[in-house]
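Hi,

Here is the structure I promised to pass on. Have a look at it first, and then read my notes below.

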Amino acid sequence: MSSDVRAAARPARRGPDGPRPASGARGPARPGGPSLGARLRRVPLLVWVFLLLPLAVELFWVFWPAANSFSLSLTRWDGISPAEPVGLQNFTDLAEDPIFRTALTNNALWVLGFGVLSVVGGLALAVALNKPGRGVGFYRSAIYLPMVVSMAVTGLFWRVMYQPGGPVNAGLEAVGLGSLQRQWLADPDVALAAILVAAVWRQVGYIMVLYLAGLKGCDATLEEAAAVDGASAWQRFWHIVMPQLRGVNTVVFAVTVIDSLRTFDIVWAMTRGGPYNTTQLLSTYMFQQAFTSGNLGYASAIAVVIFVLAIGFIITYLARQARAEEQS
Amino acid sequence: MNSRLSRRSLLAATAGLGGAGLLTGCVGTSGSGGSGGAAAGGGGGGGGIVFQNSIQDTAPKAALEAIVQSYDGDVTMNSVATEQFRAQLTNYLRSNDPPDVMSWYAGSVARDYAAQGLLLDVSSMWEGDGACAGFSEALKNLSSADDGTQIFVPTNYYWWSVFYKKSAFERWGVQPPTTWDEFLALCENLSGQGVAPLANGIGSTPWMASGWFDYLDLRINGAQYHRELLAGEHSFTDPEVVAVMEQYERLIPYFDPNMGSYSAQDASVPMAQDQAGMYLIGAFVTQYFPEDQRDDLDFFSVPVINPDVPTAEEAPTDGYFAAAGTSDPDATIAFLSYLAAPEQQQAFIEQSGSSNLPTSPDVDTSQFSPLVQKGIELLNSTEEITQFFNRDSSDALQTTADTALTQFLADPGSRDRILEEWQRAAEGVFGQ
């Protein structure tokens, strides 16, 4: 999702510099030409209105509640009576909360598992399906298809798959692996992995499409030249194709990290963090604390932790991005 | 890519913005500001009663819709999935323009809201010729806030018991037990016949694990101790609770091995197929069974374990309360009186196919099924009535019980550690 937004935002940001018949200044404006103040003054009022309105909406609906969650995290609040300030008590409680620790570990496992599996799987599928051949279009659509259903529906669908006597267990029985049958979502040893499979099943098609687009942009003649020089298939992929996919890689990295950090719906739909909190993620634990137990202060403290983690990732990503752009 | 702003896209964008503005306008009028109103899913707009309810199962929902439809007044009915309703209820009540009438449970949850001044005083319905004036004293106590006013309108309740199929028991050659030892022997017998003696579904409905906990506590320590335990006056590490867990542990081998994956409803399927024998659950279980099996269902009360404690049964009571912030208290009370009237109670019970009991003594129960008659008899003869774990405590404490009990069922060897963690979590809940 975020990549779509970014792609859409980029040309718009370039707008004022781009060719605009109205201003009379034909041709692209060169950076370092007119001063910043002069350039800002040339922006028509209408554009300012268009920029400021969303900013005001964003400030009110996103930043204001977000700032509130910071102040709420320093209180004890049940949502009804007035909030009671408790200082950093919520955070010290978090440090000693075994469920929070489980959720933190699970989140790390999730980002890692979700990221690695969907990227490796998506890339492998893209490479395999990049070659023309019989039925390639069908396979591509079939693999992308799960993406059109929401995470919550994916979760419900896989819950049926994992049921005792459901397709997964029946399938194992049919191929003689009956001993591997288990209660996938009720067994704390495998429940998180079972959810991960469902999430990756949906995500892998998306990553595949991103890489397919990247592969289409690769120069085929380079690969042919390398083949003529005697490079093996693996060498061609790793040294010729991969460097050309650098742009796609950054997008995929961002999409995957953001998607995995905000995961909530599929876990909630499949296990609600159970059995006994073993599949709890930070997001599901936060929701449970806030809306089932009514500890809005404590839940806000978890939200702050999620925010700090996410902002850490985003800043690292932006810094990398800026450095890469300077180098090129 | 063309980055030029074309006239057409500008127009489209303007239209989009205008549309968004209109939508925002709608939220503004229906919610009258604040996230509470917006979360209420459209509170009371202009005129008429907004009736927010958590009814989810198909037949009861249809029954309630029919009843609301024939009400001679302007009522907007919004049905929200129970879990979401639970999460949003506080927001509904606190919003500036709350829904007028809401379905929920009698007991400590309603009392907590009343203590916050969020519920409408409906004492007038309990006096003179009010709709609830004839209800039993026990129901009146249950519907009263701490200050003695009535804030709840109970319309039906049901009982918990061990349900079984008469035909299946006949086929297996067994009888309903009358003592605890007979019960354990029956479990052993069914187990030997390849049947899962006890159905249960603690997967997406982990609170089902509290059913047996409640009953064992009621049978071993009595209702008084149980209420005090749930109010935080005793510790979950007490020897009394350990004794409960010891009995619970004896039952573990007899539960359906798939109970961790099942919901309360899923768990009735093996029982309908005669692969599971008995099910400790509320009377709502009847609607989970195929229609041609419902007459086959019967139940027995969990047998006495400690003869020194008074008999007790769980009878959760459902009904309605109204928001203190309702814009039209008279219309709200009129609608509540309609819902509580014997005709509506009877229509709801008959059409919903559940085995709920009416709260009004004026409902003609002679037409009800023998099962329901037996349920009425059971509740009339018991000495103590409790609700259910969450209704006798809070949803927050229920969460701690879900964690502790499902973990205990999977790993009974860690009982002492689990009870300690449960107590710690419970102290966190009571400390708030």
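Let's start with a helix in chain A. Helix α15 (residues 296-327) of chain A has 32 residues and spans 46 Å from its first C-alpha to its last, close to the 46 Å expected at 1.5 Å a residue. That expected span is 1.5 Å times one less than the number of residues. Helices (H or I, at least four residues) and strands (E, at least two) are DSSP runs, numbered from the N terminus. The buried residues of α15(A) include Leu296(A), Gly297(A), Tyr298(A) and Tyr317(A). Here, buried means under 20% relative accessible area, exposed means over 50%, and partly exposed is in between (1.4 Å probe, protein chains only).

Before going on, a word on the basis: this is a predicted model, where local features need pLDDT of at least 70 and side-chain atom pairs count only at pLDDT 80 or more, while totals for chains, interfaces and linings use all residues. Residues are numbered from 1 along each chain as its sequence is written, chains are lettered from A and ligands numbered from 1 in the order in which they are written, and side-chain values use heavy atoms, leaving out hydrogens and water.

Also in chain A, Ala66(A) sits in helix α3 (residues 45-72). Ala66(A) is partly exposed, at 33% relative accessible area.

Now for chain B, which has 18 helices and twelve strands. Of its 432 residues, 55% count as buried. Is Gln287(B) buried or exposed? Gln287(B) is buried, with a relative accessible area of 17%. Leaving aside neighbours within four places in sequence, Gln287(B) is in contact (heavy atoms within 4.5 Å) with Asp57(B), Pro60(B), Arg294(B), Gly353(B) and Ser354(B).

Finally, the two chains touch. The contact takes 30 residues from chain B and 23 residues from chain A. Together they bury about 2,300 Å², 61% of it on carbon and sulfur atoms; buried area is the accessible area (1.4 Å probe) that two parts lose on being put together, summed over both. On the side of chain B that touches chain A, the elements giving two or more residues are α1 (7-31), α4 (82-94) and α17 (395-410) of chain B. Of these, α17(B) gives the most, with seven residues.

Cheers
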